[in-house]
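Work through the exercises below with the structure at hand. Each task is followed by a solution that goes step by step.

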Amino acid sequence: MPDPYWTAMLSIGIIVVAITFLAAVFLLIYSFIQIKRAATALTDFLAATDSKLNPLLKEAEETLKSIRAVSDDIGSATSNIRNISGALSNIALQVRIFGLLTEGLQNLLSDRITGLKAGIKAALDVLLNKEKKGGE
């Protein structure tokens, strides 16, 4: 017959193994339930985040479109300003050239007028001298 000590030890060991096995099974069941709750919470969080992010993404897209339109407008305005600046530069160059031409013409006319005055004065002096000498 088996020794009652060993029988009691084996019975206690089997009971401990059974209790450990049952505890492990309950722990696994509890873990699965917690994992399922966490997955459900994560799914709900992702759905809420998605519903909040969609309008934000649409608004950001519209903002980027507006910024692109403003950028295009600024580009065309800059181009227009550049064209106006070039035209003003051409006008300034033409005015400068006109000023130089009028200055040259003024100098030329001034020289001719001075020459004409000197000629008239000389002619009048000659006429006046002839009249004073006897009037030939």
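**Exercise 1.** Determine which side chain Lys 65 meets in a salt bridge, and where the two partners lie.

*Solution.* In this predicted model, the side chain of Lys 65 pairs with that of Glu 61, the N to O distance being 3.7 Å. Since a salt bridge requires such a nitrogen and a carboxyl oxygen to lie within 4 Å, the pair qualifies, and the count by this rule comes to 1 salt bridge. Both residues belong to helix 1, where they are 4 residues apart, about one turn of the helix. Lys 65 is partly exposed, because its relative accessible area of 43% falls between the limits of 20% and 50%; Glu 61, also at 43%, is likewise partly exposed.

**Exercise 2.** Describe the overall form of the chain from its secondary structure and its dimensions.

*Solution.* The chain has 1 helix and 0 strands. Its C-alpha trace spans about 190 × 30 × 15 Å along the principal axes, and its radius of gyration is 56 Å, whereas a compact globule of 136 residues would have a value near 14 Å. Buried residues make up 0% of the chain.

**Exercise 3.** Identify the residues that make the nonpolar surface patch of about 580 Å², and classify Leu 22 as buried, partly exposed or exposed.

*Solution.* The patch is made by Phe 21, Leu 22, Val 25, Phe 26, Ile 29 and Ile 33. Leu 22 is placed in helix 1, which covers residues 4-133, and with a relative accessible area of 46% Leu 22 is partly exposed.

Note on methods: Residues numbered from 1 in each chain as written. Predicted model: local features only at pLDDT ≥ 70, side-chain atom pairs only at ≥ 80, totals over all residues. Heavy atoms only, no water. Patch = residues over 30% accessible without salt bridge, like charges linked within 9 Å, V, L, I, M, F, W, Y side chains within 5 Å. Areas by Shrake-Rupley, 256 points an atom, 1.4 Å probe, with all protein chains shown as cover. Helix = DSSP H or I, 4+ residues; strand = E, 2+ residues; numbered from the N terminus. Buried < 20%, exposed > 50% of the residue type's maximum accessible area, 1.4 Å probe, protein only. Rg over C-alpha atoms; globule rule 2.2 N^0.38 Å.
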